[in-house]
Amino acid sequence: MNIISLTTDFGVADWFVGTMKGVILRIASRATIVDISHGIASGDIRAGAFALAAAYRYFPRNTIHVAVVDPGVGSGRPAIAVKTADYFFVGPDNGILSLALSREKIKTIRHLENDSFFNRPLSHTFHGRDIFAPVAAHLSRGVSIQKLGPRVNEYVRLNWPVPKRGPGKITGEIIYIDHFGNAITNIDGQSLVTESRTVWDVLTRRKCFGTLQNHYEAVPLHSPAAVVGSTGLLEIAANGGSAAALFGLKIGDSVTVRVRDGAKL
Amino acid sequence: MNIISLTTDFGVADWFVGTMKGVILRIASRATIVDISHGIASGDIRAGAFALAAAYRYFPRNTIHVAVVDPGVGSGRPAIAVKTADYFFVGPDNGILSLALSREKIKTIRHLENDSFFNRPLSHTFHGRDIFAPVAAHLSRGVSIQKLGPRVNEYVRLNWPVPKRGPGKITGEIIYIDHFGNAITNIDGQSLVTESRTVWDVLTRRKCFGTLQNHYEAVPLHSPAAVVGSTGLLEIAANGGSAAALFGLKIGDSVTVRVRDGAKL
Amino acid sequence: MNIISLTTDFGVADWFVGTMKGVILRIASRATIVDISHGIASGDIRAGAFALAAAYRYFPRNTIHVAVVDPGVGSGRPAIAVKTADYFFVGPDNGILSLALSREKIKTIRHLENDSFFNRPLSHTFHGRDIFAPVAAHLSRGVSIQKLGPRVNEYVRLNWPVPKRGPGKITGEIIYIDHFGNAITNIDGQSLVTESRTVWDVLTRRKCFGTLQNHYEAVPLHSPAAVVGSTGLLEIAANGGSAAALFGLKIGDSVTVRVRDGAKL
């Protein structure tokens with residue numbers, strides 16, 4: 001019996017997530033269901049894709065990852081299940097799965113068309129309950145992915161911004177702001193650490209946020225701390241506060257990392 | 001070992017829900033506990049009743065549904081457990097269970113008076129922890145509902161507004177607004193779809209919201225889409241936004257559905 | 001297989017809590033994981049300590065309580081695991097565990113230094129994922145606490161304000177405000193009830209909030225009700241509303257309980 005993870009924009013105020021769990025347990029009474037997040041902003045496919053990509057690899061092999069941020073529900077956009085070397089992924093084919101999938105070795109992609117694995121009657125507006133939850137439950141019971149529908153070769157990929165490297169500098173952008181107000185960029189922090197003889201200054205909107213730190217409390221209270229976050233990406237944080245609120249940072253803001261003039265350690 | 005579902009207004013900021021789960025697991029260590037919602041507005045018995053009614057039937061048979069929105073806790077209002085043909089329900093007898101119960105075949109209703117199934121000392125303000133959680137845990141272990149207290153014949157029912165049908169029109173009202181800002185009415189959407197040769201216009205506060213759609217993206221961005229929601233009821237949604245925020249919709253607002261003049265498909 | 005409880009300030013919008021659960025299940029696939037709260041205010045160690053202390057004793061014996069409110073993550077502050085007569089506790093040694101520990105019989109305290117029980121690579125900013133979750137999972141599988149690191153004799157204790165008793169009065173303060181807006185004080189409510197022949201008036205900022213009530217609905221709508229809350233402490237609540245909002249109550253506000261003049265029942 002495998003684990004089923006859930007990532008949605010359904011919130012926790014209503015009955016939506018609980019209902020999906022009821023549906024899963026009717027089919028797979030011993031399933032272990034784990035919430036990754038239900039707090040993705042409504043319809044924000046990119047944020048959902050980012051959260052799933054940040055979390056999925058910490059789960060046991062064969063976990064079935066269900067992700068539903070689905071503004072096009074009912075419109076005819078395809079639904080897919082994907083088997084990779086280590087995991088299963090289930091969701092609408094709108095990009096929500098794509099960031100995680102781009103890091104995995106894909107075995108097969110299936111369109112979810114076999115409605116004998118759906119809840120009936122099928123609603124037009126809640127495929128989380130009527131398609132994705134029951135399909136994941138059946139997969140967790142060992143139903144072969146081949147039975148879910150026809151094989152397809154491609155899935156919808158989101159366009160993710162790629163940082164630009166120039167001589168002595170890298171320019172990227174803020175792609176996610178977390179609950180603490182930490183602003184996560186698309187700049188690989190690990191590469192900055194590896195080049196550790198270099199002092200990197202971190203700038204956004206022409207303001208210099210100082211150099212790379214090891215942890216939040218390395219700077220004075222409410223000062224900015226650029227750190228390599230737990231996703232491996234460069235983050236702008238604030239000691240004891242929200243960097244987003246204190247410094248007015250927003251998703252899409254440009255962030256530049258550059259070698260400090262004449263500064264070799 | 002059965003499943004126990006929880007629906008409360010306790011929120012997730014404090015330790016209330018976790019404490020109920022601890023109490024359940026002390027009695028029934030292998031219970032599966034599922035949150036339906038803990039985000040019911042404080043003291044909003046109607047919203048809690050609606051959420052429970054929308055979700056409970058998606059759970060496996062014999063699930064024990066615990067619902068606690070309980071502004072009268074400690075005041076002497078009775079607490080009940082109800083066995084129906086398919087489920088158990090546990091909560092204060094203040095109407096929170098009534099919408100679900102009205103759809104079920106009731107086998108027995110018991111007042112919770114046998115304090116040997118309670119947590120002691122019994123607090124005056126947290127019966128979720130001290131009465132409802134332990135009673136549900138004992139039921140999940142197979143304790144007979146008859147042991148919980150004396151049989152009663154009635155339970156408190158909420159007054160739910162009933163839509164009015166006139167010639168060529170139905171007038172109801174908004175009864176719930178969900179996390180997405182979708183405004184759920186008390187008008188049975190299925191009956192509108194069945195009468196499918198008719199074009200129904202949906203109006204609220206004299207503004208016409210257009211006709212019934214199949215899904216959210218059938219209308220332009222930020223436009224209203226009247227759809228049959230996943231509960232089977234007519235909903236007013238907005239493509240890519242919150243209908244409640246965009247159109248100023250509130251619980252209690254009147255909604256009229258009427259046949260478009262001369263419009264037979 | 002024991003239960004693992006989680007208390008953090010990670011919120012539920014991001015993937016942090018789900019990732020911790022994935023890490024636990026990779027090590028202990030049959031662990032039962034229970035959320036106490038993830039809504040502790042960011043970095044509020046006192047609130048986290050209070051929530052943990054209010055909840056932990058309702059869990060089964062041998063539950064492993066993980067608490068992570070950790071503004072100093074990565075700075076070199078020690079991490080600890082503690083075995084008491086009835087439970088395990090795991091978290092940063094910054095006071096978060098201290099209120100619960102002060103009520104328990106401590107068997108051993110260990111610094112978490114054996115990195116063979118950590119996730120690798122170890123991040124600087126997410127020890128919940130990389131240290132506390134895997135250590136708790138290993139404990140739940142029966143790994144001896146002695147293997148986790150060297151024994152220490154002390155843990156960091158928070159300074160909790162202690163109420164002052166004068167003739168016929170007790171002065172304390174508000175230490176926590178819950179989701180309902182109830183203001184929880186540090187005054188032992190049980191002792192007031194025991195001295196039950198006395199009429200106690202409850203005052204804050206010179207305003208008298210009336211006498212001790214048994215439950216919220218004992219006073220008119222939106223009036224203050226001083227009650228003994230479910231933690232055993234005196235609380236100022238409001239019937240049908242938020243006491244904090246209605247009466248402008250804040251953490252740190254002084255609260256006095258005094259015998260009403262000439263009032264012996």
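**Briefing: chain arrangement, an interface and two residues**

At 4% relative accessibility, B:R129 counts as buried. The model described here is predicted. Chain A can be superposed on chain B by a rotation of 120 degrees, with 0.0 Å of shift along the axis and an RMSD of 0.0 Å. The two copies are thus related as by a three-fold rotation axis. The points below cover B:R129, the interface of chain A and chain B, and B:G210.

**B:R129 and its surroundings**

- Helix α4 of chain B, which spans residues 127–140, contains B:R129.
- The side chain of B:R129 makes a polar contact with the side chain of C:Y58, at 3.0 Å.
- The backbone oxygen of C:S230 is reached by the side chain of B:R129 at 2.9 Å.
- With neighbours within four places in sequence left aside, the contacts of B:R129 in chain B are B:T19, B:M20, B:V23, B:N119, B:S123 and B:P134.

**The interface of chain A and chain B**

- In this interface, 28 residues of chain A are in contact with 33 residues of chain B.
- Only 4% of the interface residues of chain A are also interface residues in chain B, so the copies meet through different surfaces.
- The size of an interface is often given as the accessible area lost when the parts come together.
- Chain A and chain B bury about 2,400 Å² between them, and 60% of this area is on carbon and sulfur atoms.
- Between chain A and chain B, 11 residue pairs are in polar contact, counting pairs with both residues at pLDDT 80 or more.
- Helix α1 of chain A (residues 16–27) gives the largest share of the side of chain A that touches chain B, with 8 residues.
- By residue type, the side of chain A that touches chain B divides into 10 nonpolar, 12 polar and 6 charged residues.

- Strand β12 of chain B, made up of residues 207–213, contains B:G210.
- B:G210 counts as partly exposed, at 23% relative accessibility.
- B:G210 and B:W200 lie 10 residues apart in sequence, and their C-alpha atoms are 8.1 Å apart in space.
- Not counting residues up to four places away in sequence, B:G210 touches B:W200, B:D201 and B:V202.

Definitions and conventions. Residues numbered from 1 in each chain as written. Chains lettered and ligands numbered in written order. Predicted model: local features only at pLDDT ≥ 70, side-chain atom pairs only at ≥ 80, totals over all residues. Heavy atoms only, no water. Least-squares fit on C-alpha atoms with pLDDT ≥ 70 in both. Contact = heavy atoms within 4.5 Å. Helix = DSSP H or I, 4+ residues; strand = E, 2+ residues; numbered from the N terminus. Buried < 20%, exposed > 50% of the residue type's maximum accessible area, 1.4 Å probe, protein only. Polar contact = N/O pair within 3.5 Å; in protein donor to acceptor, adjacent residues only side chain to side chain. Buried area = accessible area lost by both parts, 1.4 Å probe. Nonpolar A, V, L, I, M, F, W, Y, C, P; charged D, E, K, R; others polar.
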